[in-house]
Amino acid sequence: MRYHYFPGCTLKGQAKNMENTTMAAAAALGIELVELEEWQCCGAVYPLYEDELITLLSPVRTLAAAKGEPLVSLCAACHHVLKRAQELMQRNEEARKKVTDYLEVEYTGEGRVLHFLEVLRDDLGFDKLADMVKKPLEGRKVAAYYGCLLLRPSKVMQFDDPENPTIMEDMLKAIGADVVKSPYRTECCGAYLSVTEEAVARDTVSRIIDSARSVGAEALITACPLCRYNLENCAAEDGKEPLKIYYFSELLAEAMGLQFDQLMSAALERRRSSNGNK
Amino acid sequence: MATSNKSRLVDEMKMQSGQDPNNCYQCAKCSAACPVTAAMDLLPHQVIRYLQLGLEEDLAKSKTPWICASCFTCAARCPRDLDLARMMEGIRLVMLRRREGNKFGPADLTPEQLEKLPQQALVSGFRKYNK
Amino acid sequence: MPRTGVFICHCGTNIAGTVDIEKAVEASRNFPGVVHADDYRYLCSEMGQDLIKKAIEDNKLERVVVGTCSPRMHEGTFRKAAAEAGLNPYLLEVANIREHCSWVHKDIEEGTPKAIALLRAAVAKAVLNESLDAPELEVEKRALVIGGGIAGIQAAIDIAEAGYEVDVVEREPSIGGRMAQLEKTFPTLDCSACILTPKMVEAAQHPNINLITYSEVEEVKGFVGQFDVKIRQKARSVDPVKCTGCGVCYEKCPAKASSEFEMGLSKRKAIYVPFPQAVPNVPVIDRDACLYFRKGRCQICEKECPPQAIVYDQKDEFIERRYGTIIVATGFDQMSPSQYGEYGYGQHPDILTGLEFERLFNASGPTGGKVVRLSDGKPPKKVVFVQCVGSRDKARGMNYCSKICCMYTAKQAVLLKEKVPDAKSYVFYIDVRTAGKGYEEFQRRAAEEYDVAYLRGQVGKIFPEGDHLVVHGVDSLSGKIIEIKADMVVLAAASIARADAPDLGRIVGINSDSYHFFNEAHPKLKPVETHTAGIFIAGACQAPKDIPDTVAQASAAAVKAVGLLSKDFLKGEACTAEVNQAECSGCMYCEAVCPYSAINPVEIEERYHGGTLKRTVAEVNPALCQGCGSCTVICRSGSVNLKGFSNEQILAEVDAICLQR
């Protein structure tokens with residue numbers, strides 16, 4: 001299984017850990033993620049104002065670079081932007097013409113735009129994943145936190161049931177974790193409000209954390225670097241042991257039996273090979 | 001009440017977002033669904049009501065469009081198929097384009113934030129509050 | 001050329017406002033064949049009709065064209081007038097210069113020439129009209145009612161009381177329908193069973209009523225007065241003649257299945273009657289659940305049945321009968337709110353639909369009439385009712401208002417207070433709609449005397465938390481976010497058409513709207529008629545409605561049915577298709593497209609080069625033909641003609657419009 005891979009800025013910065021663990025786990029699962037040769041930031045937010053076409057240039061360029069072949073990303077925000085940009089390009093011929101004329105590219109972005117979790121569910125299959133797990137996370141009480149960007153708007157994202165999703169729980173089950181369901185798992189964490197209105201994010205995050213605690217979760221997994229930042233930094237300091245927040249890929253790598261040094265050597269190898277490309 | 005049905009803000013918002021506030025019947029499900037109402041001075045359904053009444057000046061003063069985090073929960077549950085997230089973005093952009101000032105810029109960040117915030121947060125924050 | 005008269009109606013200013021009547025009359029005088037033209041303010045009035053009659057006699061008119069409203073409105077009126085003046089009614093032609101002209105134009109400069117063109121076309125057609133006679137059709141003096149809920153029961157009783165035989169086909173093992181599932185009825189709070197069961201018994205005992213339960217209509221052929229219907233009577237596996245209804249079988253039966261009558265909230269046996277007052281009180285064996293049918297052993301019911309009424313090898317049987325008229329009264333379903341993930345229906349036992357909650361009040365219901373939480377058996381102290389779940393929702397549900405929810409919610413809140421005096425009810429609503437006699441007063445009583453808190457707004461999401469259901473809502477009147485730690489949530493799920501309503505519609509030959517509710521023939525003036533003559537609708541299969549409206553509609557449908565049955569003969573369709581068999585190539589495409597099975601192949605003999613030749617051609621049965629014209633357009637050789645709408649007539653109309661300006 002071979003896919004184009006779009007990392008996005010955060011995965012080369014604050015969320016390097018998500019990339020490292022995913023790459024190592026993917027290799028162990030026989031999934032090849034080949035980083036696009038040239039890529040730019042996706043823009044982080046999808047423009048909701050129809051004439052903001054300039055912000056679409058970057059995601060459309062990325063879509064075109066995939067040449068109609070499957071394109072995988074890990075960051076929830078990147079996946080959201082790419083998926084919605086693709087939907088607009090397919091729906092709105094005028095916008096497509098404007099953007100592609102400006103970019104002077106032929107639009108070849110009709111391929112599947114996937115989040116890595118979808119690759120695991122739809123292409124590999126969670127049953128197969130369960131068979132390949134080396135070190136099941138037995139006895140670990142973990143809850144999933146979905147946030148917004150993977151799920152909504154569901155008509156475009158087509159990721160999972162927007163109110164009662166199961167994909168992350170199914171992955172956790174496949175890697176042997178003791179899954180608990182938190183009622184607030186699809187509520188917004190406050191997103192970029194943590195930058196400007198921290199009090200708001202504190203409020204939303206506290207409810208998410210309390211809800212996860214109330215069902216006995218010891219840890220939460222997420223697929224979004226901003227969610228993780230908010231969950232770790234905006235939780236109320238109430239003297240309780242802070243809930244551990246992981247990227248889904250960290251637990252996946254752990255279940256695949258990948259140790260720290262293996263992860264690091266995989267990262268190093270990738271660094272060297274990408275240097276070699278240049 | 002200074003109701004005027006002619007509002008440039010409403011007209012432009014309508015055209016750009018493709019959303020017509022008159023399609024709303026004020027069930028207020030958006031407000032019930034919104035995770036960040038605590039910090040809002042107008043509830044989401046009230047923003048639509050103000051749009052329906054053309055209360056442009058009051059909307060220009062409201063904090064609410066700037067609190068909206070574009071989580072799309074309102075749009076996901078609206079029984080009238082309205083996308084309030086788009087309408088909020090519409091109001092924000094009309095205000096920003098009137099050069100009523102950027103709401104937020106790099107200078108507003110603390111060094112600690114700059115160090116810890118994921119890149120995604122910075123880019124999205126600037127995108128939403130800056131022109 | 002036949003002597004033709006043209007009469008133009010002003011329809012007040014409806015036509016005269018955008019058509020220059022004087023010009024139109026003047027122009028009409030010059031059409032080929034026209035010997036007389038006149039106008040009048042309201043031609044449909046008695047004075048107007050007299051004017052036409054007198055002109056026919058004075059001018060010896062052989063054809064009449066009236067330029068008025070749509071023929072759907074007054075064609076009958078004018079044809080009758082023409083007949084009274086001695087003219088065959090089919091020699092009169094209507095030019096629709098209102099709906100097709102004056103109403104769609106704003107400008108008299110545009111309206112006038114268009115009206116003149118339409119009149120010219122009508123005259124061109126009229127001169128080719130022929131005298132036609134409508135055939136007389138015999139009426140089978142028996143009615144069929146499909147559906148044995150309150151609508152079907154009421155309609156059947158009314159028809160039977162008028163002296164006609166009526167069969168009621170019910171899909172379930174018992175009649176009673178949705179009303180049998182209700183505890184109390186608004187706004188009087190009388191016990192639903194107490195007012196329904198006497199009607200069920202009356203229907204069962206009436207000498208003119210024949211109940212055919214556990215049965216479905218599979219085929220309907222024929223036409224008004226003579227519908228030939230095939231009914232599948234599903235195998236009950238119980239001999240209804242021998243069965244005494246003692247109930248030993250279902251007491252002893254070891255196999256269980258989810259109870260449809262209890263909305264899945266409890267189990268019933270594999271051999272069962274749906275509810276204690278079932279009519280007929282004859283059990284059925286659910287063969288999917290029965291151990292004997294599934295695994296080949298058990299047979300306890302057979303051993304225990306005192307009159308030995310169990311018949312395992314009973315087969316489905318078919319009843320084929322002719323009916324003069326059919327009433328469709330198949331009721332409604334409740335939408336499953338499971339697609340509203342934010343409400344968590346199906347994920348938590350204390351989140352119920354309105355109909356499920358209703359069963360908790362019933363003494364024979366899943367909790368024996370105790371209003372308790374299904375999770376822990378405790379009485380709920382805080383109950384949140386959510387209105388418009390799936391109704392008024394064009395995004396994920398139905399765009400319409402389900403009409404009954406505001407009232408049944410108020411009713412349930414009142415009943416709850418009576419059963420659990422320290423319970424508090426909250427109702428999230430968008431609008432409270434209580435139009436109906438005594439309804440508003442009842443809803444206000446709920447709010448004022450029963451302490452029901454009405455919150456104007458909706459619920460965003462329900463979060464299960466420990467023992468509670470945390471309801472996140474809003475009260476838009478105060479602008480406050482409301483959070484309620486509820487013990488139970490009741491969702492007023494939308495009333496929807498039966499999932500298989502379109503299938504039944506196809507079988508019976510009636511159409512339904514985009515929501516699959518059956519269409520009435522006119523939203524105001526023909527509320528129980530359908531577009532198919534002789535078939536009527538009643539109750540919630542037409543649109544969501546409450547019991548009083550359903551019963552009123554059922555009686556209305558019954559009167560229509562009785563009116564039809566009281567005639568010995570009906571006038572059939574005069575404008576039927578006719579095959580020119582000399583030109584027919586026998587391809588039989590017409591047979592394939594005929595919706596009334598009115599066309600059959602026949603063999604004819606033709607002289608050919610001195611010998612004879614046998615050839616297959618099409619033939620129309622004029623008794624079955626409804627004059628839809630499908631055959632005329634599919635016919636490759638143009639040899640099928642519709643009387644009154646022949647190809648020559650249509651072409652004459654087109655020529656009259658196109659060739660002259």
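Colleague: How many Å separate the centres of domain 1 of chain B and domain 2 of chain B?
Modeller: The separation is 23 Å, taken over C-alpha atoms. Keep in mind that this is a predicted model.

Colleague: OK, and where do those two domains run in chain B?
Modeller: The domain assignment puts domain 1 of chain B at 8-100 and domain 2 of chain B at 103-131.

Colleague: Let's switch to chain A. Which stretches does its domain assignment give?
Modeller: Domain 1 of chain A is 2-117 + 259-277, and domain 2 of chain A is 131-255. Their centres, over C-alpha atoms, are separated by 22 Å.

Colleague: How many residues of each are in contact?
Modeller: On the domain 1 side of chain A there are 22 residues, and they are in contact with 20 residues of domain 2 of chain A.

Colleague: Which elements give two or more residues to the domain 1 side?
Modeller: Those are α2 (16-28) and α4 (76-91) of chain A. The largest share, seven residues, comes from α4(A).

Colleague: And what's the split by class on that side?
Modeller: The domain 1 side of chain A that touches domain 2 has eleven nonpolar, eight polar and three charged residues.

Colleague: Now chain C. How many of its residues are in contact with chain B?
Modeller: For chain C it's 18 residues, in contact with 17 residues of chain B. The elements of chain C giving two or more residues to that side are β24 (459-465) and β25 (468-475).

Colleague: How do the residues on that side of chain C divide?
Modeller: Five are nonpolar, eight polar and five charged on the side of chain C that touches chain B.

Key. Residues numbered from 1 in each chain as written. Chains lettered and ligands numbered in written order. Predicted model: local features only at pLDDT ≥ 70, side-chain atom pairs only at ≥ 80, totals over all residues. Contact = placed C-beta atoms within 7 Å. Helix = DSSP H or I, 4+ residues; strand = E, 2+ residues; numbered from the N terminus. Nonpolar A, V, L, I, M, F, W, Y, C, P; charged D, E, K, R; others polar. Domains from an automatic or database assignment.
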